[in-house]
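Thanks for asking me to look this one over. Please have the sequence and the model open while you read.

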Amino acid sequence: MDGMKTPVALLLAHPDDEAFLAAALCRRLAERGEPAVLLTATRGDAGKRGSELAAALGRRLGEIREQELADAAAILGIREVGHLGYPDGRLAEADEREAVERAAQWLAVRRPSTLVTFPPDGGNGHPDHRAISRIGTRLVRERRVPGLDRLVYIGSETLAQEGRKEALALDTKAFWPAKAAALAAHRSQRDTISAYFGDLSEAPEAWRFERFYLAWEDGREWP
Ligand SMILES: [Zn+2]
């Protein structure tokens, strides 16, 4: 991916996906003067549904997480953040054609040449991650954004088991202060984040590398 043109767009599901999976990538792009843009499908507003109070709490959580993402994006040097605003946890229920169209419209204005998104298995199987992978894969392969001709998947065990060729493994150790600060910016998710990353004092070995796979380029699958 060293020949990657810019800008790079990330299409992800939730606030914090970028800090978990692509913080070093975003920092590296920013340091090269090629800052990424980020479009998220949801504001991470999941809460129990079915009551007015729950809906209001969900809206409030969405606002909090949107601010947390803005803080993380500033740390990572992400140029711009957009939100499609689908309900957290229910992206798979959205009209996929409409989601592709809305994402394509947002991206077309930013003119990226590369889209980074989740792999088909969602990395961890999360239905929102799988849904955004379908949306991103479709919009690149159907050439819905002029000039966007490269699809990059975030690494997953499934891709490795399938024997796919890794395009880039970024060692987060070199970027750890920024990655840790971006993770910490997601204050409402502290418990989840510490379950994976501990106290953020150093990169845990299991999460040391951010891995990326080139899935499609200008009509060629797994080039
Ligand atoms: Zn997520």
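Here are my notes, point by point.

1. A word on the model. It is predicted, so I kept to its ground rules: local features need pLDDT of at least 70, side-chain atom pairs count only at pLDDT 80 or more, and totals for chains, interfaces and linings use all residues. Residues are numbered from 1 along each chain as its sequence is written, and side-chain values use heavy atoms, with hydrogens and water left out.

2. The zinc site. His14 (ND1), Asp17 (OD) and His129 (NE2) coordinate the zinc ion at 2.1 Å. Donors here are N, O and S atoms within 2.8 Å of the metal (3.2 Å for Na, K and Ca), and water is not among the atoms, so sites may look incomplete. Along the sequence, the spacing of the donor residues reads H-x2-D-x111-H. Asp17 sits in helix 1 (residues 17-21) and His129 in helix 5 (residues 127-141), so this pair ties together parts 112 residues apart in sequence. Helices (H or I, at least four residues) and strands (E, at least two) are DSSP runs, numbered from the N terminus.

3. The cut-offs are under 20% for buried, over 50% for exposed and partly exposed in between (1.4 Å probe, protein chains only).

4. The aromatic residues. Rings of Phe, Tyr and Trp (its six-membered ring) pair if their centres lie within 6.5 Å; planes under 30 degrees apart are stacked, over 60 edge-to-face and the rest tilted. The count comes to seven aromatic pairs. One of them, Phe20 with Trp207, is edge-to-face, at 5.7 Å centre to centre and 75 degrees between the planes. Phe20 belongs to helix 1 and Trp207 to the loop between helix 8 and strand 7, so the pair ties together parts 187 residues apart in sequence. Phe20 is buried at 9%, whereas Trp207 is partly exposed at 24%.

5. Trp176 lies in helix 7 (residues 176-185) and Phe197 in helix 8, 21 residues apart. Both are buried: Trp176 at 7% and Phe197 at 2%. Phe20, Trp176, Tyr196, Phe197 and Trp207 form one aromatic cluster.

6. Arg102. This residue lies in helix 4 (residues 96-110) and is partly exposed, at 31%. Leaving aside neighbours within four places in sequence, Arg102 is in contact (heavy atoms within 4.5 Å) with Leu84 and Tyr86.
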